[in-house]
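Let's take a walk through a protein together. Have a look at the sequence and the 3D view, then read on.

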Amino acid sequence: MKALSVVPLQAGSAALMDVEEPPASDGPILVETLAVGICGTDIEILSGAYGWSPPGRERLVLGHESLGRVLEAPLGGPVAVGDLVVGIVRRPDPVPCASCEVMEWDFCRNGQYTERGIKEHDGYLSERYRITPDFVVKVDPQLGILGVLLEPTSVVSKAWEEVDRVGGRAHWAPRTVLVTGAGPIGLLAALLGVQRGLEVHVLDRMSEGAKPDLVRALGATYHSGLIGDIGFNPDVIIECTGVSTVILDAMTNIGVGGVMCLTGVSSGGHEINFDEGALNRSMVLENVAVVGSVNANRRHYESAALALAAADRDWLSRLVTRRVPLEAWADALTRHDDDVKVVIEVKPDVSAAS
Ligand code: BGC
């Protein structure tokens with residue numbers, strides 16, 4: 001079968017190759033891959049800046065935002081032949097640490113977790129893969145190819161859970177949320193904010209195009225420019241850019257008792273001057289909380305599956321701005337100006353909407 005793989009930390013090493021069928025030891029569920037979404041992490045791996053191959057191997061199969069159809073599954077299990085499914089990205093560390101032991105691998109304490117398509121475990125960008133029942137999640141068949149949005153939605157579902165839990169340290173009745181960054185993660189974070197009944201604002205650099213249109217179509221407000229100019233101090237900020245100037249701008253403009261969740265991974269190496277004392281003073285005097293969030297556990301995938309099933313399908317389909325066949329993978333990995341979510345269609349047999 002065909003698989004798209006890279007030599008981690010080696011730019012330009014991506015290649016579509018013939019590989020062995022997935023070994024039975026990977027699990028009793030055989031899945032045929034239909035589509036795989038591309039995100040910033042994949043681009044980082046392709047550029048040679050991130051990623052680890054499985055022990056003893058040179059190459060890593062890419063792909064962590066998957067959608068597939070079950071070809072074989074044990075009777076009476078959580079998924080059946082024909083189901084549309086998504087594979088969970090992270091696997092608990094083998095020790096296991098206290099968090100992995102209770103299936104909260106997203107909070108792994110010792111860093112020995114693995115991640116499909118990212119860290120020491122082949123990803124889903126192959127024509128077929130095998131998996132165990134604990135790591136596969138069913139998606140609403142009505143979603144069709146839009147089920148490929150489940151993994152990024154699981155990431156924001158976890159971020160919102162963190163916001164709620166940190167906010168719940170005291171009386172918590174948030175009214176406004178600002179999402180910084182209108183990429184797929186930002187737009188999905190905004191969708192979840194709207195589903196919670198909050199007044200949602202999204203800020204991005206672009207002043208026109210697909211992103212402002214998508215934000216307005218959600219019933220949210222779009223801003224470009226500085227956070228200090230939006231006219232209010234948000235109760236919640238979900239930061240999805242990883243850009244240090246935006247992060248500081250957000251931290252200094254959050255509302256009293258506000259919770260800010262960081263989801264964007266910065267590249268590092270950019271130093272800026274700012275007044276740490278003033279920031280500390282306002283965070284302390286205003287009970288501001290800033291929390292980081294990465295990955296997602298099964299609970300977050302399940303709540304994300306419900307959120308996607310409840311979302312407007314036309315809006316979701318507008319997030320997938322390009323669908324590229326597997327053979328043209330190189331095109332999928334090259335950024336176009338108006339890209340939101342680019343998807344590689346490994347087997348194009350699902351329709352974009354019901
Ligand atoms: C993935 C997460 C993963 C993180 C760090 C993100 O792109 O969505 O599942 O934990 O990268 O590797």
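How many residues line the second largest pocket, and which of them lie nearest its centre? There are 24 lining residues, and Pro23, Asp26, Arg57, Val61 and Asp122 are the ones nearest the centre. Before we go further, keep in mind that this is a predicted model, in which local features need pLDDT of at least 70 and side-chain atom pairs count only at pLDDT 80 or more, while totals for chains, interfaces and linings use all residues. Residues are numbered from 1 along each chain as its sequence is written, and side-chain values use heavy atoms, leaving out hydrogens and water.

Back to that pocket. Here a pocket is an open set of points on a 1 Å grid over the protein atoms alone, where a 1.4 Å probe fits, with protein on both sides within 12 Å along at least five of seven lines; lining residues have an atom within 4 Å of a point. The second largest pocket holds about 380 Å³ of space, a volume being the space filled by probe spheres set on the points, which are joined across faces, edges and corners. Two or more lining residues come from each of β1 (2-6), β4 (60-61), β9 (120-121) and β10 (128-131), and β10 gives the most, with three. These labels follow DSSP runs numbered from the N terminus: helices are H or I with at least four residues, strands are E with at least two. Sorted by class, the lining has ten nonpolar, four polar and ten charged residues. For that sorting, Ala, Val, Leu, Ile, Met, Phe, Trp, Tyr, Cys and Pro are nonpolar, Asp, Glu, Lys and Arg are charged, and the others, Gly among them, are polar.

Now find the ligand. The residues around the ligand (a heavy atom within 4 Å) include Cys39, Thr41, Val89 and Asn295. By class, this shell has six nonpolar, three polar and three charged residues. Some side chains make polar contacts, meaning pairs of N or O atoms within 3.5 Å. An oxygen atom of the ligand sits 2.8 Å from an N or O atom in the side chain of Glu151; for Tyr50 the distance is 2.9 Å, and for His64 it is 3.4 Å. Alone, the ligand exposes 310 Å², and the protein buries 88% of that, going by the Shrake-Rupley method with a 1.4 Å probe.

Next comes a sheet. It is open, with three strands in the order β7-β8-β9 and mixed pairing. β7 (90-91) and β9 are at the edges with a single partner strand each, so one side of each has no neighbour in the sheet. Strands pair if DSSP finds at least two bridges between them. Strand β8 (residues 114-116) and β9 run parallel, joined by two bridges, and Arg116 stands opposite His121 in β9.

Notes: A polar contact is a pair of N or O atoms within 3.5 Å; within protein, one must be able to donate a hydrogen and the other to accept it, and residues adjacent in sequence count only if both atoms are side-chain atoms.
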